[in-house]
Amino acid sequence: MIRLVLFDIDGTLLRTGGAGVWAFAETFSSEFGIVDGVARLQFAGRTDSGLVREVFEAQGVPATTANFQRFYDRYTVLLEERLRHHAGELVPGVEEFLRQLETLPQPPLIGLLTGNIRRGAEIKLRRHNLWERFAIGGFGDDHEDRNQIAAVARRRGCQRLGVELAGGQILVVGDTPNDIRCARAIHARVLAVAADTEKLEELRAHQPDWLVEDFTQLSAAEICRG
Ligand SMILES: [Mg+2]
């Protein structure tokens, strides 16, 4: 039985319509004078800290704690501003799926496993009144490596529950091959959510335990008893 469910955010719970990428680009440009800093970056499945480091290194900006802080301070302000006007959208069925999880006879602990820094995650989820639904999380400022973020999220989940969970009691929900890899790193089961046919085939190759196009295609009860 699943006792802990860990959700990725971007592409899994919601789509910001490019607000995150825009805030990244705008922060590099306004704070660090880096134009086109994100042009060649692959965002999906990455971590904020890994992305920032990649651009800093490519552009010769010292990857100091102070520079990361400066980046995040500006980024979160811009992200919040942008989302105020462009909310983006929830992936279909998300709210109902969360409600189903919460109302199971033995509801699992619900958390986050995301490359977003904690403040960024909070801003994106608050925009849709979802932040309070997640009890714990592993975030992009916990580690640059998603597999390590998974380990952090798992540890926090176990601490909150007061038990040492087996991998089979943990479900990771994500939309990229990196989500599936980090789930396997903690021996968790995987629900993959694919936005389109191309992604569906890409994710299928990584053999998730469940694969859907959105949350209307399954019920929390059938997954959590598995
Ligand atoms: Mg994602």
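**View 1. Helices H1 and H3 are oblique to each other in this predicted model.** The axes of helix H1 (residues 19-32) and helix H3 (residues 65-85) cross at roughly 135° and come within 8 Å; because angles under 35 degrees count as roughly parallel, over 145 as roughly antiparallel, 65 to 115 as roughly perpendicular and the rest as oblique, this pair is called oblique. The crossing of H1 and H3 is right-handed, a term used if the near helix is turned clockwise from the far one by less than a right angle, with left-handed used if the turn is anticlockwise. On the H1 side the contact is made by Ala-19, Gly-20, Trp-22, Ala-23, Phe-24, Glu-26, Thr-27, Ser-30 and Glu-31, and on the H3 side by Arg-70, Phe-71, Arg-74, Tyr-75, Leu-78, Leu-79, Arg-82 and Leu-83. Contact requires that the C-beta atoms of two residues, placed from the backbone, lie within 7 Å. Axes are lines fitted to C-alpha atoms, for helices over the stretch in contact, and angles run from 0 to 180 degrees between N-to-C directions. Helices (H or I, at least four residues) and strands (E, at least two) are DSSP runs, numbered from the N terminus. Residues are numbered from 1 along each chain as its sequence is written. As the model is predicted, local features need pLDDT of at least 70 and side-chain atom pairs count only at pLDDT 80 or more, whereas totals for chains, interfaces and linings use all residues.

**View 2. H3 packs with helix H5 (residues 118-126) at an angle of about 5°.** The axes of H3 and H5 are 10 Å apart, and the angle makes H3 roughly parallel to H5. From H3, the residues Tyr-72, Thr-76, Leu-79, Glu-80 and Leu-83 meet Arg-119, Gly-120, Ile-123 and Lys-124 of H5.

**View 3. Ala-63 lies in the loop between helix H2 (48-59) and H3.** Ala-63 has 13 C-beta neighbours inside 10 Å and therefore counts as partly exposed; a residue is buried if 20 or more other C-beta atoms lie within 10 Å of its own, exposed if 12 or fewer, and partly exposed in between, with C-beta atoms placed from the backbone. Leaving aside residues up to four places away in sequence, Ala-63 touches Arg-53, Phe-56 and Glu-57. Of these, Arg-53 is 10 residues from Ala-63 in sequence and 6.3 Å from Ala-63 in space, C-alpha to C-alpha.

View 4. H6 has 16 residues and reaches 22 Å from its first C-alpha to its last, close to the 22 Å expected at 1.5 Å a residue, where the expected span is 1.5 Å times one less than the number of residues. Arg-146, Ile-149, Ala-150, Ala-153, Arg-154, Arg-156 and Gly-157 are buried in H6. H6 is followed by Gly-162, whose phi is positive, near 75°.

**View 5. H6 and H7 are oblique to each other.** The two helices pack at an angle of about 50°, with their axes 8 Å apart, and H6 passes H7 in a right-handed crossing. In this packing, Arg-146, Asn-147, Ile-149 and Ala-150 in H6 meet Asn-178, Arg-181, Cys-182, Ala-183 and Ala-185 in H7. The buried residues of H7 are Asp-179, Ile-180, Cys-182 and Ala-183. Seen down the axis of H7, its buried residues fall within an arc of 165°, so they line one face of the helix. Their cover includes H6, E6 and E7.

**View 6. His-187 and Gln-207 are loop residues with positive phi.** His-187, in the loop between H7 and strand E7 (189-193), has a positive phi of about 60° although it is not a glycine, and is partly exposed, with 14 other C-beta atoms within 10 Å. Gln-207, in the loop between helix H8 (197-204) and strand E8 (210-212), has a positive phi near 55° and, with 11 C-beta neighbours inside 10 Å, counts as exposed.

Key
The arc is that of the directions from the helix axis to the C-beta atoms.
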